[in-house]
Amino acid sequence: MKTKKIGKDKVNVITMGCSKNMVDSEILMHQLRVNDFEVSHDSEEDDSDIIIINTCGFIDRAKEESINAILAYADEKAEGNIEKLYVTGCLSERYKEDLQKEIPEVDAFFGTLELPALLEKLEADYRQDLLGERMLMTPPHYAYVKISEGCNRTCSFCAIPLMRGKHISKPIEDLVQEVKGLVKNGVKEIMLIAQELTYYGLDIYKERRLAQLLHALNDIDGLEWIRLHYAYPSKFPSDVFDAIRELPKVCNYLDMPLQHINTEVLKRMRRQIDRQGTKEVIEEARRRVPGIAVRTTFLVGFPGETEEEFEDLLAFIEEMRFERVGVFQYSHEENTLAHQLEDNISPEVKTERANRLMQAQQAISFELNQEKIGQKLKVLVDRIEGGYFVARSEFDSPEVDNEVLIEMQENDYLRLGDFAWVEITDATEYDLFAKILPKEK
């Protein structure tokens with residue numbers, strides 16, 4: 001058993017789930033640090049007195065991972081290896097009462113918007129003056145920026161409104177201040193994230209203002225790339241396409257989860273758009289922003305999805321040739337509208353359909369990447385690994401998209417966070433290989 005240290009306790013923050021959760025953890029960790037706590041993230045050391053688990057409750061697999069983490073640290077507490085165990089985040093928001101009964105070893109559970117209460121429990125002051133200040137867990141040259149909280153959409157499969165509440169936009173001036181602070185500390189690329197980007201501004205400005213936000217962020221000195229994640233296809237604000245095309249710092253990249261294409265499935269999903277409307281918004285994106293890379297995700301195995309409806313989705317992927325595709329299998333979530341439907345697609349069929357989609361996309365990705373051989377691209381170096389500088393172009397987001405592998409040569413002087421111009425020399429399904437181009441004199 002540990003002996004008590006003199007002074008403030010050491011806190012280890014464990015983050016589960018998505019980039020939005022990571023931002024919440026970064027804010028929490030900075031608040032603790034300014035309160036003189038020693039803070040680590042996902043540390044494998046066993047010298048922390050307090051564990052805070054920021055949970056995910058989105059789908060069954062994510063919930064299972066969060067619960068397993070809680071149980072593991074509950075055992076650590078029972079053995080006297082840690083003193084306090086706190087749980088926050090989406091799972092805690094959604095199932096707080098059940099969790100309190102089932103895992104009494106946890107000292108307290110907090111919801112997604114209860115940061116002040118969590119800090120109070122730790123006898124730490126909540127510093128409201130620290131607007132946007134965070135302890136980054138990403139490499140220092142990029143950061144995620146959450147422009148809103150919650151969601152007003154009514155997708156029948158989604159539990160996010162149950163965990164995150166209604167849509168709340170952050171004012172433009174607050175976001176500009178936050179990004180300026182990040183840039184001052186070395187950030188060169190920001191990923192704008194939200195449950196639904198295109199709804200931004202409707203609650204506080206009574207109109208969609210994502211394009212205006214992009215213009216304001218584009219004026220920040222020192223910021224080089226702005227990337228858009230999690231847009232919604234229904235009623236997409238067309239002025240955002242103009243901003244992507246015209247503003248030099250906004251990457252030619254758009255992450256727009258479509259979920260499906262078959263109109264009947266989209267109706268059951270309550271996506272507020274049909275097949276034709278979905279296709280039109282992608283065609284408009286490509287027409288108004290030549291060369292744009294579109295990332296999307298699809299959901300297979302939704303209740304009642306017939307083989308014919310799935311084949312419609314498969315044909316759509318092959319027709320549209322998306323630059324980036326992710327596939328999820330439907331998870332039957334209680335208290336969602338879709339939970340009233342029978343979850344009548346077997347796990348085996350869900351897996352088989354997901355694999356077929358990804359196989360189709362793999363072939364498309366290979367062909368699109370082969371077309372890049374000989375092209376010159378500006379890339380950002382993320383890390384060094386296995387004798388390569390591992391970088392990304394403006395068409396790729398961290399962790400989910402293609403990487404550009406630049407073999408390290410004796411006279412190469414790239415550092416992490418550096419930009420460089422490269423020529424693509426080879427390509428696989430998900431990686432590009434490149435050589436550094438000499439700087440122009």
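**Helix α12 and the rest of the chain**

Tutor: Let us begin with a helix and its cover: the buried residues of α12 are covered by parts that include α10 (263–269), α11, β12 (293–300) and α13 (347–370).

Student: Which residues of α12 are the buried ones?

Tutor: They are Glu309, Phe310, Asp312, Leu313, Leu314, Phe316, Ile317 and Met320.

Student: What span should α12 have, and what are its end C-alpha atoms apart?

Tutor: Helix α12 covers residues 307–320, which is 14 residues, and at 1.5 Å a residue the helix should span 20 Å. Its end C-alpha atoms are 20 Å apart, so the two values agree.

Student: What follows α12?

Tutor: Arg321 does, and its phi is positive, near 50°.

Student: Before I go on, how far can I trust this?

Tutor: This is a predicted model. The mean pLDDT of the protein is 90, and 98% of its residues reach 70 or more.

Student: Where is confidence lowest and where is it highest?

Tutor: The lowest is helix α5 (residues 160–164), with a mean of 79, and the highest is helix α8 (residues 210–218), at 98.

Student: Which residues have pLDDT under 50?

Tutor: Residues 1–7 stay under 50, and for them the model has 13 contacts beyond four places in sequence. Where pLDDT is low, the predicted coordinates should not be read in detail.

Student: OK, new topic. How many salt bridges are there?

Tutor: A search of the whole structure finds 39. One of them pairs Lys77 with Asp107, with the closest N and O atoms 3.1 Å apart.

Student: Which parts of the chain does that pair link?

Tutor: Distant parts: Lys77 is in helix α2 (residues 60–78), while Asp107 is in the loop between α3 (90–102) and β5 (108–109), and the two are 30 residues apart.

Student: What does Arg209 pair with?

Tutor: Arg209 forms a salt bridge with Glu207, where the closest N and O atoms are 2.8 Å apart. Arg209 is partly exposed, with a relative accessible area of 24%, and Glu207 is partly exposed at 36%.

Student: And which side chain does Arg288 meet?

Tutor: Arg288 meets Glu284 in a salt bridge, at 2.7 Å from N to O. Both lie in helix α11 (residues 275–288), four residues apart, about one turn of the helix.

Student: Why does a gap of four residues matter in a helix?

Tutor: An α-helix has 3.6 residues a turn, so residues three or four places apart point the same way.

Student: Is Glu284 buried or exposed?

Tutor: Glu284 is buried, because its relative accessible area is 16% and the cut-off for buried is under 20%. Arg288 is partly exposed, at 22% relative accessibility.

Student: What about the surface? Which residues make a nonpolar patch?

Tutor: Ile384, Met408 and Leu416 make one of about 270 Å². Met408 sits in the loop between β16 (403–407) and β17 (419–427), and is partly exposed, with a relative accessible area of 35%.

Student: What is phi of Glu399, and where is Glu399 found?

Tutor: Phi of Glu399 is near 75°, a positive value. Glu399 is found in the loop between β15 (388–393) and β16, and at 74% relative accessibility Glu399 counts as exposed.

Definitions and conventions:
Residues are numbered from 1 along each chain as its sequence is written. This is a predicted model: local features need pLDDT of at least 70, side-chain atom pairs count only at pLDDT 80 or more; totals for chains, interfaces and linings use all residues. Side-chain values use heavy atoms; hydrogens and water are left out. pLDDT is the predictor's confidence in each residue, from 0 to 100. Contact means heavy atoms within 4.5 Å. Patches are made of residues with over 30% relative accessible area and no salt bridge: like charges are joined within 9 Å, nonpolar side chains (Val, Leu, Ile, Met, Phe, Trp, Tyr) within 5 Å. Accessible areas come from the Shrake-Rupley method with a 1.4 Å probe; for residues, only the protein chains shown count as cover. A salt bridge is a side-chain nitrogen of Lys or Arg within 4 Å of a carboxyl oxygen of Asp or Glu. Buried means under 20% relative accessible area, exposed over 50%, partly exposed in between (1.4 Å probe, protein chains only). The expected span of a helix is 1.5 Å times one less than its number of residues.
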